[in-house]
Amino acid sequence: MRQTTATPSSRLDPEPVARRDFLGIASLASMLSAMLLAGIGMLRLPKAAVLPSASKKFSVQLPESLPLGSPYVPPGRNVAVFRDAKGVYAMSLVCTHLGCIVKQAPDGFECPCHGSRFAPDGSVSKGPAPKSLPCLRITAAGDKFIVDEEVSVPADTRVQA
Amino acid sequence: MKKNKYLLLISSLGVSALLLAAAVDENYLRGWRRVQNSVFGANDVRLRQIVVPAMRTTDRCVSCHVGMMPGETPVAKHRLASAHPRVPHDPAQFGCTSCHGGQGRATERADAHGDTEFWPEPMLPRQFASAGCGTCHSHVQVPDLASMQQSQRQLERADCLACHRIDGRGGTQRPGGQGGMEGPDLSKIGAAGWKADWFARHLERQQTDKDGVWKASFRELDPSQRSDIEKYLITRVGAPDLVEAKALFHSLGCRGCHKIRGVGGDDGPDLTRVGMRDVHRLDCSNVPGEHTLPNWLAAHFRWPAKIVAGSKMPVLGLTESQIDRLTLYMLSLRDSQFPEAFWPGDRLRIERLGDREFADNGVTLYRTFCAACHGDRGEGRRYPDNVPFPAIANPDFLAVADDAFLIRSITDGRPGRRMPAWNKNSGGLNDEEIARIVQYLRGLSGTAAPVGQRAEHRWVQADAAAGKRRFAAMCAGCHGANGEGTQAPALHNASLLAAATDSFFVETIRRGRKGTAMPGFSGASTSYPALTQQEIESVVAYIRIWEDKGR
Amino acid sequence: MSDQSRSDSALRKFFTDLTRAPRRIYEAAFRSGAPVTDRTRSGFVFNNVFLHLHPVRTHRWSLRWTTTLGLGMASTAAFLIALVTGVLLMFYYKPYPDVAYNSIKDIHFVVPTGRFIRNIHRWSANLMVLMVMLHMVRAFYTSAYRTPREFNWLVGMGLLVVTLGLSFTGYLLPWDQLAYWAITIGANIAQSPRELTDALGVTSVVDVGGLQRQLLLGSDTVGEEALIRFYLLHVMILPLLIGVLMAVHFWRIRKDGGLTRPADADERLEPRRPDVYPVFTEAPQKTYQLAAIVRGRSSAVGRGPENTVPSMPHLFYAELGVLMVTTLVCLALSLAADAPLKELANPGVPENPAKAPWYFLGLQELVSYSAFMGGVGLPAIAVIGLGLIPFLDREQLGSGAWFGGPGGRWLAFRSAAFGLGLTLAIEVFAIRFGWIREWYPHVPQLVITVINPGTILALGYAAYSLWLVKRYNSARSGAMGLFTCAMCGFVVLTVIGTYFRGPNWGFFWSPADWPTH
């Protein structure tokens, strides 16, 4: 406890030592906690609750003349839809390395960014891509098919129209 | 100095409390959270939405109506988690608001449904839900109601419903039948279209079929029956109530005064986007009930001048069911702007290929554009506070008016009177359609075009001064001292004078028009002596002075 | 020492240093120790870049609540809150017509905490305008503008103008009907010097109004160019400007000798509490080597005992207290009421009435008579007049005390009565009987520009205050009269513009009487 009676008269007197100030500490602590709370609230803001991108589920109508095994890319989508002897399947065209869009090459697909190559069934044949191109879930709905870009399925899954 | 510390302490605690309150409000109290919590459990509570960039929609309706989210497993009979009823369009492709209206970006009930002051486009009420089709569609070739019902009867008489299902009717087994009589559902055949040889193929089946059902249920149809049935089928686009409402609209002649997509008269407001009007900008002080656009429209149909001060629209005396149907059709006039690549076929046909929303036969054309003023059967109309509208199917009129006169009158209208011009640049009808209306008029009264009349425009050469005296004495009472037409047609109208031949005037004065106030002056009446041909011609000569003055 | 042991000890030292690094980083950042003695408290203030705008010690008079009412700090706090929330809103806001509106809708409905933060932004902006105005009123009535604080009064005027500018530019960003039409009117007010140049027939030579409007909008209507300009002003130019002006404003407070206080402040304060440790208690014992190079008066040398306390913590408790109270008020308002967002801007359908933010409605009331006088002329006269006050009032009597100077409270009260009465009388007259254009439809615009309720009010106030100068033989009395009248006029006009004006700027007792068409 510091002295509480005599007023120090001179600047040469020893400097007073502050007593423990519970009220001050409590007020500062409550302010800091309020600030912390506000900070947490503010940090939540940048993580969006919904994304502005188009819905990841879309329906496609395959052209009747689509040859077996050749891709049909719905406009505006990075997905190829194929028809083969066993049925219809959809494959993502987004490179599993760093997200460039692969394009069709004579022996499958190739990525223009870092040279990854994929076999026609989507498996990696060369380059830095760590995984094969995923097959996407596709369901038949009447004469159309619904592709869900968010769900991948085993590579040999086929659906019938 | 202690009070500063108390100030800091208390205000900081207050801030913390309010922040916590805001956090609770945001994370626990939002309505969609509660809905999803009860349907999915706490682990899958998140905002859901359908984004369709092409339609410029971002619809978060599925955050509450969770069962309608594409790909979601709906819960049957749940108020919000049940599935969307089966509709022609996939919600994933079109979103919700493009059909239903409302505010897709909102996540709270009142805002989302548009029940707020600052959202101009509230949701369509459920009873008017099919008005949403009008956002994109504009059904083509819709006839007037009577014609549509007639062709529907034709279809039923031909027993098509024995095998086919239309709008939920028909297609069931007949007693004593052998089963398996389901033909294709024709409820949307108007949108899908059909092959031109459908009848020949039906006939072929009937002849080759062995089990007797075809033989029993299909019979020969004559071409007019077939065309009637086709006329009905083209209106089957999956929205029967809306098409019926539109057919009613096409029966009442509303488009005589109102334009839709550039076709119609110009006396009343353009209705092309009337379904998108912001009710907050309308005067609702005399509208009973809730101040919504449907209520405003319905009230306006009942008492036009009470809702819109100074409205020239007559009280039409509609029944409640007619008012409901007209309101539905008005609400469907939405005409949204979105990229042409996404236009449906019917809209493309109307806006780019010159197809018509109305059937292009004479009766529909007449009822769509003329009936409101000239009457359903051309008998003319008198509305309170309006000049009387002429009876154009009057046989006495049609017997003296040649087709050229009628066509010209329709094409150029009567500037200065309420009859609008109907040429391509004004009313939007083409020559062929106008000719069909004339043809229909002739059919209506069974009066052929006059023959043997002098066809020159001007041939009368008589004393106009004498005609002036006679006009003042005998004609001015109805036609006005200067021919301005107080009770009867305005004779000084330049357009009338340009269209009518002297024969028309002479013959009209001579014969009069039975059923109207215009007497025939060839014979004496109680108030007038009979006029000689010479005297009649002098009156015509006087009338012609107005034409010369107008030049 | 062998190489072996030397490298051993070097290695040991390396690890010792590594373990001490956190402590040393702390010491490098905070040179003075814990703020427990007056010396370390001083160090706490002047060793900290964020705090060193503060004095090391604060006079006890400055800490009295009634001295400032905390209004300056509340303005700063509101600005800081608006700054933080504004930066957060920029994560989602997109400055392009229609898209902007949708992005605000998204902020309202789906961005986590977005609605709350937007509400806080709006309420703190409103609060800031209010606090800045009240702060000016406080500074005036305590005569805090007098020598040597004249320049800081001018800086304060600049801050007021920039604050209004920030608020006005933010008004357009939501791109709703409210925003669109308020800014359309604002832009046309910027064009209103044309009223004068047209009347003089020189618009084809000097078109100040047209240039102003064109610079503001970048086009001839409010469109995407205008939006991007307003956005740039709102998030970049004006915040930078206000930051600089605030720094000058705060720095000048210290350089002008702290807050103004009455000459008898020390006597009027209650006796010093024992824990208040005085400085300059006796003849200073320091050498004056540094002070010797100072020409003129040094602020410290030769001063007697001062009634001061260390700023750390006493001043900071007060400042933080005001900061948190301001935050509390903002949060409470934000929870209670959402920031408005009307329907999407529609250039074809004007809002009726299109009202500016509340603090401009007084001007809008004057604009309804003459766009130039109400929107440019009178505000310019007001700003110039306010700026001149400290240079015309060179007295010192009553500095630092509320309503100091000849006449005091009674004069302020009488001036308020006069200002309210005159403003109400003229408004009632104009609302009841109309103005010159209603009586003589063909009168030249120049006549109305010169003679309208606004100019008559200004002249009335000026005449009244000149009479006060003569009556009390004091410039301060005149200033008191003029300022009080102007404030009363502002309040009356703002209230009329806010609550009693409806469609077509007609007078209505309540919005319930508005016609719906």
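User: Which residues touch the most other members of the largest nonpolar core?

Analyst: A nonpolar core is a set of buried Ala, Val, Leu, Ile, Met, Phe, Trp, Tyr and Cys residues joined through C-beta atoms within 7 Å. A residue is buried if 20 or more other C-beta atoms lie within 10 Å of its own, exposed if 12 or fewer, and partly exposed in between, with C-beta atoms placed from the backbone. Here the largest such core has 161 residues, and Ala90(A) and Ala179(C) touch the most other members. The element that gives the most to this core is helix α15 (residues 311–336) of chain C, with 14 residues. Another core, of 94 residues, lies apart from it and includes Cys133(B), Ile307(B), Val438(B) and Phe471(B).

User: Which residues does Ala90(A) touch?

Analyst: Two residues are in contact if their C-beta atoms, placed from the backbone, lie within 7 Å. Leaving out residues up to four places away in sequence, Ala90(A) touches Val79(A), Ala80(A), Val81(A), Cys135(A), Leu136(A), Ile138(A) and Val147(A).

User: How should I read the numbering and the confidence?

Analyst: Residues are numbered from 1 along each chain as its sequence is written, while chains are lettered from A and ligands numbered from 1 in the order in which they are written. This is a predicted model: local features need pLDDT of at least 70, side-chain atom pairs count only at pLDDT 80 or more, and totals for chains, interfaces and linings use all residues. pLDDT is the predictor's confidence in each residue, from 0 to 100. Chain A averages 83, and 87% of its residues score at least 70. Within chain A, confidence is highest in α1(A), at a mean of 93, and lowest in β1(A), at 80. Over residues 1–12 of chain A pLDDT stays under 50, and the model has 15 contacts beyond four places in sequence for them.

User: How many helices and strands does chain A have?

Analyst: Helices (H or I, at least four residues) and strands (E, at least two) are DSSP runs, numbered from the N terminus. Chain A has one helix and nine strands. Of its 161 residues, 22% count as buried.

User: In what order do the strands of the open sheet in chain A lie?

Analyst: Two strands pair if DSSP finds at least two bridges between them. Four strands of chain A form an open sheet in the order β4-β5-β6-β7, with antiparallel pairing. β4 (103–105) and β7 (124–126) of chain A are at the edges with a single partner strand each, so one side of each has no neighbour in the sheet. Three bridges join β4(A) to β5 (residues 108–110) of chain A, and Gln104(A) stands opposite Phe109(A) in β5(A).

User: What does chain A bring to its contact with chain B?

Analyst: Class is one way to read an interface: Ala, Val, Leu, Ile, Met, Phe, Trp, Tyr, Cys and Pro count as nonpolar, Asp, Glu, Lys and Arg as charged, and the others, Gly among them, as polar. In this case 21 residues of chain A are in contact with 21 residues of chain B. α1(A) gives the most to the chain A side, with eleven residues. That side divides into eleven nonpolar, eight polar and two charged residues.

User: How many residues of chain B are in contact with chain C?

Analyst: 25 residues of chain B are in contact with 25 residues of chain C. The chain B side has 14 nonpolar, six polar and five charged residues.
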